[in-house]
Amino acid sequence: MFRRFRSDVIESLKKFDVDERFVRESEHADLACTIAFKIAKERGEKPQDVAEEIASQLSIESEYIGSVEVVNGYINFFASLEFLEDTVNFILDSDENYGSLNLGGEVLIEHTSANPDGPLHIGHIRNSIIGDILARMFRKAGIDVTTHYYVNDMGRQIALTVLGIEKFGISNEKPDHAVAKAYIAINRYLEEHPEERDRIERKVEELMKSYEEGDEKTIELFRDVVNRALEGAKETLRNLNISHDEYVWESEFIRNNYVDRIISMLDERGLIRKNGAWTVDLSDLGYEKEVVIRRENGTTLYVTRDLAYHLWKNENFERFINILGSDHKLIANQLSDILKLIGLKPPEIVFFEFVSLPEGSMSTRKGKFISADELIDRVYREAYEIIKNREFSKEEKKDVAKAVAVGALRYDFIRVSPEKPITFDWKKALDFERQTASYIQYSHARACSILRKAVSEGMPDLEFAAELCTPLERKLVMLLSKFSAVVERVVKELRPNIFADYVMDVAMNFNDFYTQHPVLKAETELRMHRLAIVDACRIVLRNGLELLGIEPLERM
RNA sequence: GGACCCGUAGCCUAGCAUGGAUAAGGCGGCAGCCUCCUAAGCUGCAGAUCGCGGGUUCAAAUCCCGCCGGGUCCGCCA
């Protein structure tokens, strides 16, 4: 709805050459236009005078523009009562579809893609959560989404883990944790027995070579490790409300010839230097070192297979987005540039900074990490503590604690912009007394509770009346109208934290409304008006939480 | 050494792309609010030279240059 209002405002300013850059949201108006500053500068006049002149010449045809004011050179637009009314009625009618867009198109989102050498840790899930929420936002925007987990099954660590299991066996715990144990054990062994390094290094190389060449026995060994790790990761992701449409193994691109194809594409254009190893020279683009795409022993590297994967993406999708840790910046940029050199489309990439522990960065290899499983479990127990004395059944207590815990985790990771580094802090992770998902869930539960009570007391009718709006109610409804505008922005800018902020904003304003405006105690007309607002808020909060992958509880 | 990212109240963060109206929210601190729709809530107060120094501009947290502090990357690893 807000998108309509905005385009109507821009339309009214069209003859002054105004585009969306000069029309912005503001605390002083529903939309404020800053074009007068620019024109005043060109003409050497005062912004205020120019603004007044423009305001007197507006061509307002939209019934959604209620009034226009000029203050300090700003041209301030206010939405009309019709706009508020249409907004609330539209929300009530659209219900679960409110906020949807019809942008069309398709997109592939690759996220998580952690090495299958152990459980997902709290750094990986920043990736998963960004990717999952982006996928949900794209779907809401009416874009066809496919999600991929790219499985690095050809890595050195997998070969090492195979040796680790051979030497130390594998434990009975959750399979991804068991894999990590073997991986950590062999690394420690290597550390303690430097004399063994050469021998094990040779075995690793042999294993990698025969895996790449398709040796049955080796394939079995590698698949066993990878499947164990993946099985555990899937369970963790399921607990976080995350699922992938497909798991794509990088070895597939060896077997289906995409690797050969991408190499000959590069070769045909004379981009490969063959001095023992095969390399691509990117020094014209400012890269210091050549990119190696084939080892001297004939095997390929991660980047080679990734190149092949992206050839496949080019053939199958019009848009593809990768979520990557910032440690991949160099290699990902090299990948993009190589793709461009052979006329292929590079991926769109969302980089995120590291999640580190107070004592430093995490390392699966050294066993220095906090697993997502451990985090989920501890946050769950903390949430359970809070509600254990409430009058819920045991089952319901578990469900509520689970929903609150997962919500808190997801919200904590998504609310900060991807480019900010995060230092993990147990105390904060376990603290619910602050701006977090449970605050939003609570607001939603409150709205549900009022509505429930209204029905049980025999007054279920809703009827929004714009002229009855208090300033706070007006502000709330304007906020509600912005849902799809925010969805559009996130999809365009690939910044899901904006949406987390939006939902929080709605929740805060709803809580303000809640404390200041009695609903069920108000007389009939006002009660119906406020019930309509409550229901509209409920819908926005519920749809918003679902987009964030957080369960909208009706009681808590 | 080179490249990229971050630096906003005691703490965590928004705002920076597209420069504009008193720099926004939370935690923590202090003072209050439950005969009333869930107090996982609300109100008020205190708390900021927007890392530092220059520059551009009528106007800079936002753009440019330099510096400082923190992180990441620079493997025939992934």
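Which residues does serine 80 touch, not counting residues up to four places away in sequence? In this predicted model, serine 80 touches Glu63, Tyr64, Ile65 and Gly66, where contact means heavy atoms within 4.5 Å. Serine 80 itself is placed in the loop between E4 and helix H4 (81-94), and its relative accessibility of 6% means that it counts as buried, the term being used for under 20% relative accessible area, with exposed for over 50% and partly exposed in between (1.4 Å probe, protein chains only).

The model is a predicted one, in which local features need pLDDT of at least 70 and side-chain atom pairs count only at pLDDT 80 or more, whereas totals for chains, interfaces and linings use all residues. Residues are numbered from 1 along each chain as its sequence is written, chains are lettered from A and ligands numbered from 1 in the order in which they are written, and side-chain values use heavy atoms, with hydrogens and water left out.

Chain A contains 21 helices and 14 strands, helices (H or I, at least four residues) and strands (E, at least two) being DSSP runs numbered from the N terminus. Of its 556 residues, 55% count as buried, and among the contacts in chain A with a separation of 6 or more, 75% are accounted for by residues 24 or more positions apart. The C-alpha atoms occupy a box of roughly 85 × 65 × 40 Å along the principal axes.

Strand E4 belongs to an open sheet of 4 strands, ordered E1-E2-E4-E3 with antiparallel pairing, where two strands pair if DSSP finds at least two bridges between them. Strand E1 (23-24) and strand E3 (65-71) stand at the edges with a single partner strand each, so that one side of each is left without a neighbour in the sheet. Strand E2 (residues 31-33) is joined to strand E4 (residues 74-79) by 3 bridges in the antiparallel sense, and alanine 32 stands opposite asparagine 76 in E4. The antiparallel pairing of E3 and E4 extends over 6 bridges, with isoleucine 75 in E4 as the bridge partner of valine 70. E3 and E4 form a hairpin with 2 residues between them, and asparagine 72 in the turn has a positive phi of about 50°.
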